[in-house]
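My entries follow in the order I made them.

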Amino acid sequence: MKQCNIGGQAILEGVMMKGPKSYAIAVRKPNNEIQVDVTNYTSFGDAHKTSGIPIVRGVVNFIESLYIGMKTLMDSAEYFEEDDEPGEKDAESQEKDSKADASKKEKKDSSASDKVYLVGTLIISIALAVGLFVLLPTLLSTLLYKVTDSNLLVNLAEGALRLIIFLTYIYAISAMKDIRRTYMYHGAEHKTINCMEAGDDLTVENVKKHTRFHRRCGTSFLFLVILISIIVFMFVNTNVLWLRLLIRIVFIPVIAGLSYEVIRYAGKHENVFARILSAPGLLLQRLTTREPDEDMIEVAIKSVEGVIDWREYVTCVRNDSFER
């Protein structure tokens, strides 16, 4: 087995895990059953060699992760659109329902209109994020040009505003009751990956022992995007508003690519520099993850089993016998 990085995200009452050749969503349905759906896929980065170029691969990975993340989040919501009828169903009925659910999902995935809807939703989400975290701080900070000509001061104010808006947003949504449960699944995802990467068997008891924080977390990536954008834009000196806004938008892919390289380095190395790079993101994960219950851990384990043979992986970790 080749060594690989398994990653994922929390979804509605479940966990999505992405492996080398597939991604799986595991959801605990209202009837307490765990349903696992696996989708095979070829990463754009694997299919096109140019996508392996540093920084470029970060942009490709970011867009691909956004697409898969949005898709699986929308797919997980389907399981809760219709409430089950009161009373228990026999095994035959449950089997028919499972087949019907699978058939319904397969048809939906192949629907061109649904793909258009998904892409449209993704574009709107990105536009809102860019407006809130990129353009708004730029617009507000340029008001300082009325009292100062210092580009350094304006750039510092812009960076501070961007960081404050981001941290306020993270704190605000972490206080929402429904989000807290999703963050518990986020914790289950991290703990399960940490357990496997440490060479421990994926049992509920073993997973519970591991930390809910992980260096390759998307929260850490987003924080790095904010931090690197502050550093990059410190060197962009212009007081022409439309040009400042345009530069911010044009540089988004570059900043995403740089952030990917930084978090990739931090996730692969154990040294002081890597720990310093990881520290702010790990601290922020105290807001975006919660300790999961055992039922959530079971779901996370099922999602891992959908994309990789964790027993073989754990054996390779213990014996340091990955393919070189």
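Helices here are DSSP runs of H or I with at least four residues, strands are runs of E with at least two, and both are numbered from the N terminus.

I noted that this is a predicted model, in which local features need pLDDT of at least 70 and side-chain atom pairs count only at pLDDT 80 or more, while totals for chains, interfaces and linings use all residues. Residues are numbered from 1 along each chain as its sequence is written, and side-chain values use heavy atoms, with hydrogens and water left out.

**Helix lengths.** I checked α6 (residues 177-197): its 21 residues at 1.5 Å a residue should span 30 Å, and the end C-alpha atoms are 31 Å apart, which agrees. The expected span is 1.5 Å times one less than the number of residues. For α5 (residues 151-174), the 24 residues should span 34 Å, and the 35 Å between the end C-alpha atoms agrees.

**Burial.** I used buried for under 20% relative accessible area, exposed for over 50% and partly exposed for in between (1.4 Å probe, protein chains only). In α5 the buried residues include Glu158, Arg162, Ile165 and Phe166. Over the 324 residues of the protein chain, 40% count as buried.

I then turned to Leu227, which lies in helix α8. Leu227 counts as partly exposed because its relative accessibility is 36%.

**Cavities.** How many cavities of 30 Å³ or more does the structure hold? I found two. A cavity is a set of points on a 1 Å grid over the protein atoms alone where a 1.4 Å probe fits but cannot get out, and lining residues have an atom within 4 Å of a point. Volume is the space filled by probe spheres set on the points, which are joined across faces, edges and corners.

The second largest cavity has a volume of about 50 Å³. Its lining consists of Arg215, Ser220, Leu224, Ile263, Ala266, Leu277, Ser278 and Gly281. Two or more of these residues come from each of α8 (218-233), α10 (252-268) and α11 (272-288). The largest share, three residues, is from α11.

**Whole chain.** I counted 13 helices and four strands in the protein chain. Of the contacts (heavy atoms within 4.5 Å) between residues at least 6 apart in sequence, 69% join residues at least 24 apart.

Conventions
On a 1 Å grid over the protein atoms alone, a cavity is a set of points where a 1.4 Å probe fits but cannot get out, and a pocket is an open set with protein on both sides within 12 Å along at least five of seven lines; lining residues have an atom within 4 Å of a point.
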